Amino acid sequence: MVNDVLMDTLLKYPAKTEAASGTGAAGQAESATFAQNLEGAIAGTQTGTGTEAPAVFDSPVATDEQTSTADTGMTNLFSALAGSDGNLEAILLMLCAMLSANSGSGMGEGGGEGMQIMMQSIIEAVTKKPDAEQEALRQTIMNSNYDTAVLDEVNDKVFKASGEQIPYEAWKPSNPPLTNTAENRNANEYAKVINQFDVENNGRYKVNKQGKGDTYCNIFVWDVTKAMGAEIPHYYKKTTGEPVSYENRKAENASEMTANAMMDWMLKDGEKYGWKQVSAAQAQMYANQGRPAVTVWKNENGKHGHVQVVRPSETPYDADKGVKIAQAGRLLYNETYSGKIYGKNTLKNVKYFVHV
C-alpha cells in the first residue's frame with residue numbers, strides 16, 4: 001500500500017528533526033507525528049475532510065473519475081507541503097515512495113495530470129533554494145535507499161528541471177513553464193504568467209542577496225516579458241540595441257540592461273521590437289487585455305532607476321492610485337499600485353510602454 005510506504009519513509013527519516021533537537025529519539029518521534037498527520041490528511045475521506053487518494057492508489061484498477069479525484073487531492077496535498085521549507089526533503093522522499101509503489105507509471109504523461117501539477121509545485125519549491133541548498137537536498141535524496149531508476153527520474157525531472165526553469169542566479173535566463181504569445185492574450189493568462197514567478201518569495205529576486213545592496217527589478221521585467229513573448233532583453237548591444245542571448249553575451253561583448261538603460265532602450269529601440277509609449281491609463285487598459293505593459297523610471301541623478309510590470313486590474317484606472325503593478329526591487333510586490341511606490345513628483349516622470 002502506498003500509505004504504508006509513505007509512513008515507513010517518514011518514520012525512517014529523522015534527519016532534519018535530529019539536527020534541531022540534538023537527539024535521534026526526539027527526531028524519530030517528531031517524524032512519526034508528522035507521518036501520522038500526513039496519513040490523516042491522505043485518508044481524510046473517512047471523515048469527509050480530505051482527499052480520496054487512498055481508494056485509488058490502493059486499488060488495482062481505477063476509473064477515470066477516481067483517478068481525477070486522486071490527482072486533485074494529491075496535487076493539493078503535495079502543493080501545500082512543498083510550500084513548507086521544513087518539509088521539502090520529506091516531500092521528495094514521499095515522491096520517491098510513490099514512484100516506487102507505482103513503478104512503471106513514472107512522472108510522464110502516464111502519471112496523470114495530477115502528478116504533472118504536483119511535480120510543478122515541487123520544482124517551484126526547489127527552484128527557490130540557492131544552488132548550494134539545492135545540491136545538498138539533491139545529495140540527500142540521491143543517497144537514499146530507493147531504486148536507482150526512481151532516483152534518476154527524480155534527479156532528471158526535479159533537480160535538473162528546477163535549475164533550467166527559473167534559476168536562482170539572476171544573470172541566467174528563465175524558462176518558466178507558463179508562457180504566452182500574441183495569439184493568446186487575455187488578462188487571466190497574463191496574470192498567470194506573472195504569478196508563477198512568485199516575486200515576493202522567489203530567491204531569484206531576493207533583496208541584497210549578494211550583500212551589495214543589490215535589487216532585481218530589471219530581472220523581473222526581463223523574466224515576465226520574455227515569458228510573454230515580448231522580451232525586454234537583459235543582454236544587448238549598446239550601439240544597436242540588438243538583444244544578445246545569454247550564451248553569446250561574452251562573444252558579443254554585450255551590456256547588461258539596468259533600469260536606467262531600459263528607459264534609453266525603450267525610447268530609442270523599443271519600437272523596433274514591438275514596444276510603444278502610452279499613457280498610464282492606456283497601459284492599464286492594454287494590461288487588462290492581457291498585453292504586456294511596463295513602467296520605467298530613469299534616475300537622472302545617476303543612481304538606480306526602477307521598472308515594474310503593469311498587471312491586469314479588476315477595477316478602472318485611478319490616477320491617484322496609479323496602475324496596478326508587480327515588481328521586484330527594494331520592495332517586493334506581486335500586486336500593488338504604482339502610487340504606493342512612487343511619490344507624486346517622481347510619478348510624473350514615470351513612462352509607460354506596451355507591447356502591441
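Helices here are DSSP runs of H or I with at least four residues, numbered from the N terminus. The model is predicted, so I noted that local features need pLDDT of at least 70 and side-chain atom pairs pLDDT 80 or more, while totals for chains, interfaces and linings use all residues. Residues are numbered from 1 along each chain, and side-chain values use heavy atoms, without hydrogens and water.

I then checked burial along α11: ten of its eleven residues are buried (under 20% relative accessible area, 1.4 Å probe, protein chains only). Among them are Cys-217, Phe-220, Trp-222 and Asp-223.

Next I looked up the largest pocket, which holds about 690 Å³ of space. A pocket is an open set of points on a 1 Å grid over the protein atoms alone, where a 1.4 Å probe fits, with protein on both sides within 12 Å along at least five of seven lines; lining residues have an atom within 4 Å of a point. The lining has 30 residues, and Thr-215, Cys-217, His-304, Gly-305 and His-306 lie nearest the centre. I found that α11 gives the largest share, three residues, and that α12 (259-268) supplies at least two.

Finally I turned to Cys-96 in helix α6 (residues 88-101). Cys-96 is buried, with a relative accessible area of 0%. I listed its contacts (heavy atoms within 4.5 Å) beyond four places in sequence: Ile-141, Tyr-146, Val-150, Leu-151 and Val-154. Cys-96 and Leu-151 are 55 residues apart in sequence, yet 7.1 Å apart in space, C-alpha to C-alpha.

Key:
Grid points are joined across faces, edges and corners, and a volume is the space filled by probe spheres set on the points. Buried means under 20% relative accessible area, exposed over 50%, partly exposed in between (1.4 Å probe, protein chains only).
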